[in-house]
Amino acid sequence: MDFVTEGNSHGVPHLREEPLAKKVRLGAEERLPASRDENKAVTRRQVQNTPLCLETGSTSAEERKRRKKRKVSGAKAETEEVGESPGNCSKARALEQENLNGAKGVEEKVERDKEEGEGAEEKEKSEVKTEQELDREIEVQKEGVGEARRKKVQGEEASEDGMRGKKANKGRKKGATSKPGCLGDSRKRKAKEEDGGARKKRKEEEECGKEDKWKWWEEEQHANGVKWQQLEHRGPYFAPAYERLPRGVSFYYNGKPMKLSPATEEIATFYAKMLDHDYTRKAIFKKNFFCDWTEQMTSEERKKIKQLDKCDFREIHEYFVERQEAQKALPKEEKQKLKKEAERIQEEYGYCTIDGHREKIGNFKTEPPGLFRGRGDHPKMGRVKKRIMPEDVIINCSKGSKIPKPPPGHKWKEVRCDNSVTWLASWTENINGAIKYIMLNPSSKLKGEKDWQKYEIARCLKGVVGKIRAQYRADWKSKEMKKRQRSVALYFIDKLALRAGNEKEEGETADTVGCCSLRVEHLRLHPRMDGKENVVEFDFLGKDCIRYYNLVPVEKQVFKNLQLFMENKGPGDDLFDRLSTSTLNKHLQDLMEGLTAKVFRTYNASITLQEQLDALTNEDDNVAAKLLSYNRANRAVAILCNHQRATPKTFEKSMQNLQAKINVKRDQLCDAKLELKKAKADCRTKRDVKSKAALEKKQKHVEKLEEQLEKLVLQATDKEENKQIALGTSKLNYLDPRISVAWCKRFCVPIEKIFNKTQREKFAWAIDMADEDFVF
DNA sequence: AACCTGACTTAGTATACCCCAC
DNA sequence: GTGGGGTATACTAAGTCAGGTT
């Protein structure tokens, strides 16, 4: 992994020379058991959670707590080294202000209204499509892109002014669907052949066509803080009531069957269902479960059930396994019936009306009761998550609207009308006391607008990041300890895309950290390592207990600072003892409006995608090769952000299958080439029309096979490189979709190859507004 | 400034579902 | 028609960050 900063004055983590998968692989080698199959009990997560093997060792929660207290009081007592004037970035701010205001601006409505009619017409036409029509459409789309490109060459103005770029895009759109071809025939053919999933697409489009799409991005935004004027919904859909176990299914204690009270039995089924899960092998899980379970028992039961290991849930477990299998084996009509019912529920509860538009809700069901599945070494795992009752639920809707009816015999905790928030209903969960919300789907206006804004802020950062970097580099030498720590932390956040790292309550959650909460034990300093100087070895558990392991050569001054920060500290002490996320974010806010630590992650992710796409895409490649380039660029971002996944259980097998396919194809190609040779000879001797036609046919066959083989090989490469990396998270949350849309348009790749249906819905705004010239 | 809480985004995993090869 | 594999979706935990209170 080359995290070396040479040739990159800002120490930006993007644009690396070496394959980007190395970091993860390095971590993985240490993390993963040699053979998962041999040792099924050892999951990735478990291995990740084993204490970090640092000389310093890990620190207990109590010790950390003690130290933290000391840190806080110590920091208060100690005066700053030198009282320098506070960081002044008003210039940067002033510069940025303009940009940001622009970003928030909204287009003139008149212009829009004029064009609305045409849009509607277009939509109507495209409602139901045949396969041929779809293929034709792709060609036309490509032709349009060519037209757009030609226009660009002629000097047409590109629209890239962020949230204001609508007008120009509209103009482009019209052109993009009408003008005749720019592509050569062979390329058109290629595109046609490669888009095999036309049937699937048609189905998707039919579904999409049903809903009339609301182009909220062409409308005015609400005044500051107001999220809606009108909101009406059906309230949450409650988890089904508990059903008693059938007679023949029993819980056993100490080998003897035992009838349990309904509440006790229900909780027992939660555990029984998880019997073949790793959780039930964890001591904390068992302890927490037993503790909460006994609390729910009747006094009679409590007297009898004293030890968990005398409890036998196996019969209950088997019952649920069988029931699930029976469910799967249900006759078609029964399955249809169930599906219909699910659809009905979705129809009734899954949508709301917001400002006159029907929008999909993200999660309209309350979370069912069960056992808490905290990740990593969560101290509360196994605790009983209580059933949510209407009496726990707060409903949020507009005043004049139809207030949802609670289930018969129940009432809501509260009905309120607060249009400064986006949630429709909420309740407080019993494990951590956190509030859970029912909110809209990502395709909704409320979510989409926020998403769009997020990328606009990240784009603003692009304009000032140079200054910010210059400043934090200068601050590395500050006489103020606070500033030094802040500047080094910011360097890490920028260069390594670390999360901010809020303080967490000790003992309440798994011990994970981010930048500001790094402890001395999470870093090791190597003045020299593998021929590189000033190498910092990071090894800590981040969000969701995903291990972050990285060897990073840093600049000399950073290295020196780290030595200074670590001086006279124990392994469990905070590295940045004078820094918190709130002071860091306050500082960032001064540098640029809207800037917070996480914006760096968004910015660096998106800029990395853009740069990698530019570097990796070859215009002459076929679609499969271009997709590999895209995935590689996406992968670079996923690695930067440390988005990992467990290697899919079926990985090895499916890899073998793919390899087998490749081998078959190779053989076929070999045969086809032989036949081609024969046909050539035949043609030379006979010299008639028939043999010439045969030759042509053979030639085409070989070409086709070659193409197919190449596609398979690319697929295999992609798969292998993607083994432990999760691309979805960055695609969904960090990459400005307009970069992908522009790339698709520029390189004639159908957007469906990059975004699936859900993603297209979420990014509808970007797909509609970005043209091929969009630059992040 | 610390602390707490609410609102919202980001995250990995479990499961449902669909399609293709047989 | 079926089973398996792969993708899409559902689910909910775990973060970030801001604003109010002490």
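Okay, ground rules. It's a predicted model, where local features need pLDDT of at least 70 and side-chain atom pairs count only at pLDDT 80 or more, while totals for chains, interfaces and linings use all residues. Residues are numbered from 1 along each chain as its sequence is written, chains are lettered from A and ligands numbered from 1 in the order in which they are written, and side-chain values use heavy atoms, with hydrogens and water left out.

Let's start with helix α10, residues 262–273. Helices here are DSSP runs of H or I with at least four residues, strands are runs of E with at least two, and both are numbered from the N terminus. α10 has 12 residues and spans 16 Å from first C-alpha to last, close to the 16 Å expected; that expectation is 1.5 Å times one less than the number of residues. So, how many of its residues are buried? The count is 9 of 12, among them Ile267, Phe270 and Tyr271. Buried is under 20% relative accessible area, exposed is over 50%, and partly exposed is in between, with a 1.4 Å probe and protein chains only. The cover over those buried residues includes α11 (283–296), α13 (314–328) and β8 (384–385).

Staying with α11, asparagine 288 sits in that helix. Asparagine 288 counts as buried because its relative accessibility is 9%. Leaving out residues up to four places away in sequence, asparagine 288 touches Pro379, Lys380, Met381, Gly382 and Arg383, where contact means heavy atoms within 4.5 Å.

Now the DNA. There are 30 residues around DNA strand C, and Arg375, Lys436, Lys653, Ser654 and Thr758 come nearest; to be near, a residue needs a heavy atom within 4 Å of the strand. What does the protein meet on the strand's side? On the protein side, the residues split into 4 nonpolar, 13 polar and 13 charged.

On to the rings. The whole structure has 30 aromatic pairs. In one of them, tyrosine 491 and phenylalanine 492 have ring centres 5.9 Å apart and planes at 40 degrees, so the pair is tilted. Pairing of Phe, Tyr and Trp (its six-membered ring) needs centres within 6.5 Å; planes under 30 degrees apart are stacked, over 60 edge-to-face, and the rest tilted. Tyrosine 491 is buried at 0% relative accessibility, and phenylalanine 492 is buried at 0% too. Both belong to one aromatic cluster that also includes Tyr472 and Trp476.

Last stop, backbone angles. Most residues other than glycine have a negative phi. Aspartate 530 has a positive one, near 45 degrees, in the loop between β13 (523–529) and β14 (532–541). Is aspartate 530 buried or exposed? Exposed, at 71%.

Note on methods. Nonpolar A, V, L, I, M, F, W, Y, C, P; charged D, E, K, R; others polar.
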